[in-house]
Amino acid sequence: MQLALLQLNPKVGDLVANRARIAAKVQSLEMQPDLIISSELSLVGYPPRDLLLQPAFIRRCWQEVQLLAQDLMSCAPILVGLPELNPEPVGRPLYNSAVLLHEGQIKQIIRKSLLPTYDVFDEDRYFEPRQGNEIVIIKGQRIGVCICEDLWNDRDYWERPRYHYDPVQYLIDQKVDLIVNLSASPYIRNKQIFREDLLSKLAYKHKVALAYVNQVGGNDDLIFDGYSCVFDAQGQIIARAPGFIEEVLLVGSQGGCVAPLLEPEAELWTALVLGTRDYAQKCGFKKALLGLSGGIDSALTAAIACAALGAEQVLGVLMPSPYSSLGSIEDSIQLAKNLGIKTITLPIEPLMKGYDKTLAEAFIDYPQDITEENIQSRIRGNLMMALSNKYGALLLTTGNKSELSVGYCTLYGDMCGGLAVIADLPKTQVYSLSAWLNRQTPVIPEIIITKPPSAELRPDQKDQDSLPPYDLLDAILERHIEGFQDAQELIEAGYAADVVQRVLGLVRIAEFKRRQIPPGLKVTDRAFGTGWRMPIARGNS
């Protein structure tokens, strides 16, 4: 059987453009295959979130899919994902469905069984589950169709399966010749290796070929890596689309092209560039700006922005204070020169003096402390937002995950912006990715990588004055945030009790700040975005 897997980059809610994109790709095929497969909710883009609560939006989905059927009247059968109204008087209002289009008509409807409601997923909010997946007959072949999560509940693969029902086993019991899966599976580091291990074991266990189609592109905080692939009945991969780009993967009886997987650092870089580019473009921005402090975080963010939008569309802003070292200014200028971006310099000392004068009477009985440091950051935030408004440019924040975890950031200061590019990268990962980038093209001055990190908000300030060393801090944070370990478990693992209590206390009290950060690109198992749901007011246990 000849298959075409449509790995496309939809824009959430842009039904007309998404329909046109699907139609154009199908119509451009030199030879029509036996079956074309798109990704989960491909007509609307994933995740559509509360657009699904608008009845008019659902009606437009079905108007557009009817038009798509007409567009593809003379083309091969195609599976297209979209939300479907649940006609029953009880249950959630919608199904997460796919339709088989052929000869200008909707020939069949397939509905998703397993609805993920964890991390970034919230499908139980909208969709009704449907047990009993559909079989599609193409040229005498029985093809079992399932949607994304339906593939992820094998009882032999998981120590504790999440659901009672296994859609794949149901399809196998129906004697299918092939299983196809329409997915919208977001990227996290090393996820494709995990995906392919699962897919391979499923194909081998059931002795059935398996085709997996994934969405690609960035939508808000999520990045979709694509890597659509096909496994034969022996569990061997016979075709794989490249990651992070649109592709139509053609697969015949002899297989197809097997694109290589990217190395981990190259994959992470590519994901962040794609996420930044798509966020900007899908939100209507052509230009971006960011503050350049002479530090590693702003350097890496600037490099990502240039790769995403082009150096000519990126502006670097230097905002030196009396505490800024000459080296930091020179390092920022050298970075900008290496990247080919324009810079402007806005000294903040006059504004600092203005704040001191205005607040002098109110602060008369109080010593200087972190308040004055935060004012510097908020001055810079005001300036950056003014430039963003005036230039119509997307303001990129430069804070990393380590800082956001422990509140080492200032509300309405360095947290101002429209996109937090590296908000899910721990500080140690910022260093390793910067080192990898320099091995490809040495754009970040070496001094930026080697000098001790500092916010430069007071004389001779260093991050390590108030934080544990970043390798220690990040190890504790990873175990706590991604591994769900509490203080006692961390102490039993060998970390000093006083350090653990201090770090976890900082994480706890910084929750109110994290509620107010811009969207941050998710690249780890647990990011401070749509999947993070910690209370602000809570106890210490």
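**Rings, charges and a pocket**

There are 14 aromatic pairs in this structure. Take Tyr126 and Phe127: their ring centres are 6.2 Å apart and their planes meet at 65°, so this pair is edge-to-face. The cut-off for that label is over 60 degrees. Tyr126 and Phe127 are both buried.

Keep in mind that this is a predicted model.

Next pair. Tyr165 and Tyr170 lie 6.3 Å apart, centre to centre, with 55° between the planes, and the pair is tilted. Is Tyr165 buried or exposed? Tyr165 has a relative accessible area of 15%, so Tyr165 is buried. The limit for buried is under 20%. Tyr170 has 30% relative accessibility, so Tyr170 counts as partly exposed.

Tyr46, Tyr118, Phe121 and Phe224 are linked by ring pairs into a cluster.

Now charges over rings. Look at Tyr118 again: the charged end of Arg162 sits over its ring, 4.0 Å from the ring centre. Elsewhere on our list, Lys401 places its charged end over the ring of Phe528, 5.9 Å from the centre.

Last stop, the second largest pocket. How much space lies in it? The second largest pocket holds about 800 Å³. It is lined by 27 residues, and the closest to its centre are Tyr118, Asp119, Phe121, Arg162 and Asp525. So what is the lining made of? The lining has 12 nonpolar, 11 charged and four polar residues.

Methods. Residues are numbered from 1 along each chain as its sequence is written. This is a predicted model: local features need pLDDT of at least 70, side-chain atom pairs count only at pLDDT 80 or more; totals for chains, interfaces and linings use all residues. Side-chain values use heavy atoms; hydrogens and water are left out. Rings of Phe, Tyr and Trp (its six-membered ring) pair if their centres lie within 6.5 Å; planes under 30 degrees apart count as stacked, over 60 as edge-to-face and the rest as tilted. Buried means under 20% relative accessible area, exposed over 50%, partly exposed in between (1.4 Å probe, protein chains only). A charge sits over a ring if NZ of Lys or CZ of Arg is within 6 Å of the ring centre and within 35 degrees of the ring normal. On a 1 Å grid over the protein atoms alone, a cavity is a set of points where a 1.4 Å probe fits but cannot get out, and a pocket is an open set with protein on both sides within 12 Å along at least five of seven lines; lining residues have an atom within 4 Å of a point. Grid points are joined across faces, edges and corners, and a volume is the space filled by probe spheres set on the points. Ala, Val, Leu, Ile, Met, Phe, Trp, Tyr, Cys and Pro count as nonpolar, Asp, Glu, Lys and Arg as charged, and the others, Gly among them, as polar.
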